[in-house]
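The model comes first, then my notes.

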Amino acid sequence: MKKIIELKNISKAFDGEGVLNDISLYINDNEFITLLGPSGCGKTTLLRMIGGFEHPDKGDILFLGERINDVPPHKRHVNTVFQKYALFPHLNVFENVAFPLRECKVPKDEINKKVNEILGLVMLGNFAGRSVTSLSGGQQQRVAIARALISHPRVLLLDEPLGALDLKLRKDMQQELKKIQQSTGITFVFVTHDQEEALSMSDTIVVLNEGKIQQIGTPADIYNEPDNAFVADFIGESNIIDGVMLENYKVSFSGHTFECLDKGFAANEPVDVVVRPEDVDIVAPEKGMLSGTVTQVTFMGVHNEIIVDIGGFKWMIQTTDSVNVDEHIGISLDPDAIHIMKKSKYSGMFGDYSSYSNELDELADAGGEE
Amino acid sequence: MNKHKKGGAFLPLAPYSLWSVLFIVVPLIFVAYYAFTDEAFRFTTENITRFFTATSNIQAEDGTMQEVRTYLVIFGRSLKLAVISTFICLLMGYPMAYIMARAKERTQKILVTLIMIPMWMNFLIRTYAWMTILQDTGIINNILGFFGIQPIHIIGTETAVIIGMVYDYFPYMILPIYSIMAKMDTKLLEAARDLGCNSFGVLRRVIFPLSLPGVISGITMVLIPSISTFYISQKLGNGKFFLIGDAIEGQYIANNLHFAAAIAFILMVILLVCMGVVKYFTSKTYGGE
Amino acid sequence: MKLSSKIYTGIIFAFLFAPIIVLLIFSFNEAKSLSVFSSFSFKWYTELFNDRDTLESVKNTVVLALSATAISTTMGTAAAFGIYRVRRNWYKSIFNTVTNIPMINPDIITGISMMLVFVFVGRLFGMATSLNFWTILIAHVTFCLPYVIFQVLPKLQQMDYSLVEAAQDLGCTPVRAFFKVTLPEIMPGIITGAIMAFTLSLDDFVISYFTSGNDFQTLPIRIYGMTKKTVTPKMYALATIIFFVTMALLLLNNIIDNKESRELKRKKKEIKGG
């Protein structure tokens, strides 16, 4: 596969505050890549650097092998769909989309043809004469995409483009964006803080936190084999328990030794153990590898989310069984339910549900919006 | 987070930078320069001293002649008339601004336009109109005479000058207060009522403190022009109440530029100090904004 | 509105408009008296239109106001853009302070201070009179500039900067992006600034008084001269005309304003409906 964009040892600080710290990354042609991370992780800055709106303090940006650090935005074969769309309010839908073509002095007939074609593609065929301020959020979104695509950029940068849409519309747009990406073959670089969105759309996900890359991989890799506690916690729900790797395929935690599928650790190396809530089986207390008391049950529709106190550590378990608060239950774990990670600076910061409440989580999410 | 790449400020800013230095900064330096030099541009403090020491004789009320410090008297009079006018403007303007801000949106627009109409007329004409109204044989006295009331003598009194000042600068008091009040969130007022304030309480404890920035800018917008005005006193005061502005103009006409500059300089310094004091107190009230 | 509010409003507006109405009425007075109305006539209007000097001063005032508006709007818009783009905060605050000076300073000081410079420079070049059209133009541009800048600057600050970035992203050079996107975005501010500059220049007396020479009289200076001597109702005729021109301008302004706000409401409705 051809590398279309390469970032080499990029660092950037604003007013002495480091935002990106030695980032190296390459993006393949025709790929749908997502930069995922909480607010302030540097993902938008990284995107703006590719677009040409920010300049790295250190490091190089390569486009098809050529250094483009000093190439201004209007000369880059890269277009952006901005967070709040940045549609020109003084121009109508047609003129917004035609904007890049008029800049390169494309003949009138061709502009008409191309604009109508692309408005058809984003299903806004009848909206050409409308004022952009009269459109709904979803429609504005489509205009922004059409405008960014019309000059056939090699790479399309999308800065949280779905953030302002409601849930239902967001799901539809996710599908549609993916479809557009596949049909045009343009490389998409997508920025989001929504892990579900990232998992469902991307070929590759880059997880960022505090200006550093935490992990790069396919959605399945990232979900199933997180590299550290931050990734495990940020992508989906995880119980993260202190453990000790006794030998290959054998790990001990919560006073019990489990079989697992991981190897390559030193004998008796302290590790972080990740268990996804949906991978835990509930059994009778005497049959369980571990046992504990249910402290909270929340009905979630598809399943119940329960919090179980096992030896002072609170686990989250998702189950379709019905259990009650104060019930004593046992749990059982298959070897492939257990994932072992090396200790990192994030160890011990995440993965314990003792202070858990849905409300708090939502508050944290809302605070995370950029 | 949104630290956009800025710059490219030099070229568009260059003409204005040059202009503001040449025609704003340099002229102010020139005021000081002229104030502290004599005809031959030699340094002197004589002009400044003259402002504080020059004397003249005026007739006191009991008919005896009195020697007074000319310019201090003029300045004191300017200050007195300006403060009285400003206070009357505030007293009359505050309720008006409040009524306007509470009116329907359409009414508000019409009222603002109506307030602005006299503002758009030249102040010379406005002042002149009052002169004809207040004359001894003017309309007021005609009307009074019609009802058989003794004519009153207003023109040439301090009252006439104050009426002129109030009339000329009244809109400058209303508009800033109104614009702050119109922006005030009505929910705040409802909240105050909800928490047990009566109408007067809402006014005193919520509306007035919130409208204070408007009041202050209204006061400065009326005080500064009325303290430095000329013409009004010449027309409505029959030239009997020389104000600081008239003094500057008089020296200008007499081609006494150095002394004119000295008076302007002193006026500027005093206003600067006043505004510094006002700013200090407002920043104290508003937590150092 | 409550009755008491209505009465109060009535009194205030009576105070504000009484002198103007008196003026209006007596401009049609046959007699010279300004207190007794004898009979209706256009005499003073005819006299006004035969007054060459006054007509000349009207022309001067308009020429001056148009020139001052054109210069101050162009320079002020560029300056606002420059101030907006300046990175250093202390630099910005210097510009803010300097720009504020002509707005806060009493007119008489602004007038005197500029006059001193003009006279000084004139003497330096050995000119007999140093005050002329150019000096009054410079003075008018100077006091109009802050109003333009402070109208345009907020519009720039409110503008979504990603619009400019989008334009550059889609192929505009920074300069083209300014003309194609920034300028249309801040146009309302520029227009308001220009209107303010125009009306301020039309109306100014004090600064003009100190910075104009004998060869260039504006209308306010002419009025000053006329009211210094004997009183004639010709002045009232002039004031009446100014009043109706002002009314017409304000009305026009209001109509445009209402149209805009109605359009805005319609758009808001459409968004809600869509």
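My notes follow, in the order in which I looked things up.

I am working from a predicted model, in which local features need pLDDT of at least 70, side-chain atom pairs count only at pLDDT 80 or more, and totals for chains, interfaces and linings use all residues. Residues are numbered from 1 along each chain as its sequence is written, and chains are lettered from A and ligands numbered from 1 in the order in which they are written.

Contact of chains B and C. I counted residues as in contact if their C-beta atoms, placed from the backbone, lie within 7 Å. Chain B gives 59 residues and chain C gives 56 residues. Helices here are DSSP runs of H or I with at least four residues, strands are runs of E with at least two, and both are numbered from the N terminus. On the chain B side, the elements giving two or more residues include helix H1 (10–35), helix H9 (199–227) and helix H12 (257–285). H1(B) supplies the largest share, 15 residues. I sorted that side into 45 nonpolar, twelve polar and two charged residues; Ala, Val, Leu, Ile, Met, Phe, Trp, Tyr, Cys and Pro count as nonpolar, Asp, Glu, Lys and Arg as charged, and the others, Gly among them, as polar.

Sheet in chain A. I found an open sheet of six strands with mixed pairing, in the order S6-S7-S8-S3-S9-S10; strands pair if DSSP finds at least two bridges between them. S6 (78–81) and S10 (212–217) of chain A are at the edges with a single partner strand each, so one side of each lacks a neighbour in the sheet. S9 (residues 204–209) of chain A pairs with S10(A) in the antiparallel sense over five bridges. Asn209(A) is opposite Lys212(A) in S10(A).

Domains of chain A. The assignment, automatic or from a database, gives domain 1 (3–222) and domain 2 (238–368). I noted 37 Å between their centres, taken over C-alpha atoms.

How values were computed:
Contact = placed C-beta atoms within 7 Å.
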